[in-house]
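Subject: Handover of a structure, with findings

Dear colleague,

Please find below the structure that I am handing over to you.

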Amino acid sequence: MIDCPSRGGPNSGNAIVMSASDRLLCASRIGRKAVLRESGCLEWTGARRFCCGVPRPVSRFNGKCARTYRFVMACVCGGLPAGAVVAHRCDNPMCVRPSHLVVTSQRWNIGDREAKGRGNGGRRRSEKDTTEIFSMIDSGMSQREIAQKLGVSQPAICYWAKKRRAAND
């Protein structure tokens with residue numbers, strides 16, 4: 001059973017609203033570009049955009065571009081309210097299988113990430129941490145090496161590398 005939230009109206013920010021015919025069309029398009037894996041995940045094989053080194057599935061539907069799993073849940077639920085987050089129960093960012101997805105809030109998603117040990121424990125980086133990360137980046141260490149050394153995720157280090165590049169511009 002998939003729990004669907006109430007939908008936002010057509011003018012409510014990043015809301016996605018779909019008619020019955022849109023839902024059928026969207027589902028058929030997505031189905032052609034996904035492959036069932038042994039893990040049970042339905043992995044997207046279409047367009048992808050990288051976010052901090054992690055591929056994310058992207059699609060365009062009715063002139064709107066978004067992550068494919070948002071369109072999947074809009075198909076299943078008939079729409080998504082503005083501000084809704086689609087999280088992966090399977091922790092596979094390329095999975096578009098509706099039973100592996102949950103429509104939730106950003107707060108829940110962050111709590112789930114922390115509970116699974118992929119976050120920063122909710123603490124902010126100190127000035128000392130920032131200096132240490134920047135010096136490791138400048139020394140040529142890979143993001144993966146830095147992440148392992150500090151016990152954080154590689155995407156977290158990607159975030160700091162972007163801050164470092166911005167500071168140098």
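The model is a predicted one, in which local features need pLDDT of at least 70 and side-chain atom pairs count only at pLDDT 80 or more, while totals for chains, interfaces and linings use all residues. Residues are numbered from 1 along each chain as its sequence is written, and side-chain values use heavy atoms, with hydrogens and water left out.

The sheet

Helices (H or I, at least four residues) and strands (E, at least two) are DSSP runs, numbered from the N terminus. Two strands count as paired if DSSP finds at least two bridges between them. Strands of a sheet pair through backbone hydrogen bonds, either parallel or antiparallel.

Three strands form an open sheet in the order 4-5-6, and their pairing is antiparallel. Strand 4 (48-51) and strand 6 (64-67) each have a single partner strand, so one side of each is left without a neighbour in the sheet. From one strand to the next, the twist averages 35 degrees; here axes are lines fitted to C-alpha atoms, for helices over the stretch in contact, and angles run from 0 to 180 degrees between N-to-C directions.

Strand 4 is joined to strand 5 (residues 54-61) by four bridges. Within strand 5, Pro55 stands opposite Phe50, and Val54 is the bridge partner of Cys51. Four bridges also link strand 5 to strand 6, where Ala66 is the bridge partner of Ser59. Strands 5 and 6 form a hairpin with two residues between them, and Asn62 in the turn has a positive phi of about 50 degrees.

The second largest pocket

On a 1 Å grid over the protein atoms alone, a pocket is an open set of points with protein on both sides within 12 Å along at least five of seven lines, where a cavity is a set of points where a 1.4 Å probe fits but cannot get out; lining residues have an atom within 4 Å of a point. Grid points are joined across faces, edges and corners, and a volume is the space filled by probe spheres set on the points.

The second largest pocket has a volume of about 180 Å³. Its lining includes Cys26, Ile30, Trp44, Ser59 and Phe71. Helix 1 (20-32) and strand 5 are the elements that give two or more residues to this lining. By type, the lining residues are seven nonpolar (Ala, Val, Leu, Ile, Met, Phe, Trp, Tyr, Cys and Pro), four charged (Asp, Glu, Lys and Arg) and one polar (the others, Gly among them).

The salt bridge

A salt bridge is a side-chain nitrogen of Lys or Arg within 4 Å of a carboxyl oxygen of Asp or Glu. The count by this rule is one: Arg37 and Glu43, with their closest N and O atoms 3.3 Å apart. Buried means under 20% relative accessible area, exposed over 50%, and partly exposed in between (1.4 Å probe, protein chains only). Glu43 is partly exposed at 21%, and Arg37 is partly exposed at 38%.

Two loop residues

Asp91 lies in the loop between strand 8 (85-88) and strand 9 (101-104). Phi of Asp91 is positive, near 60 degrees, in a residue other than glycine. Ser19 lies in the loop between strand 1 (16-17) and helix 1. The C-alpha atoms of Ser19 and Gly79 are separated by 8.6 Å, although these residues are 60 apart along the chain.

Yours sincerely
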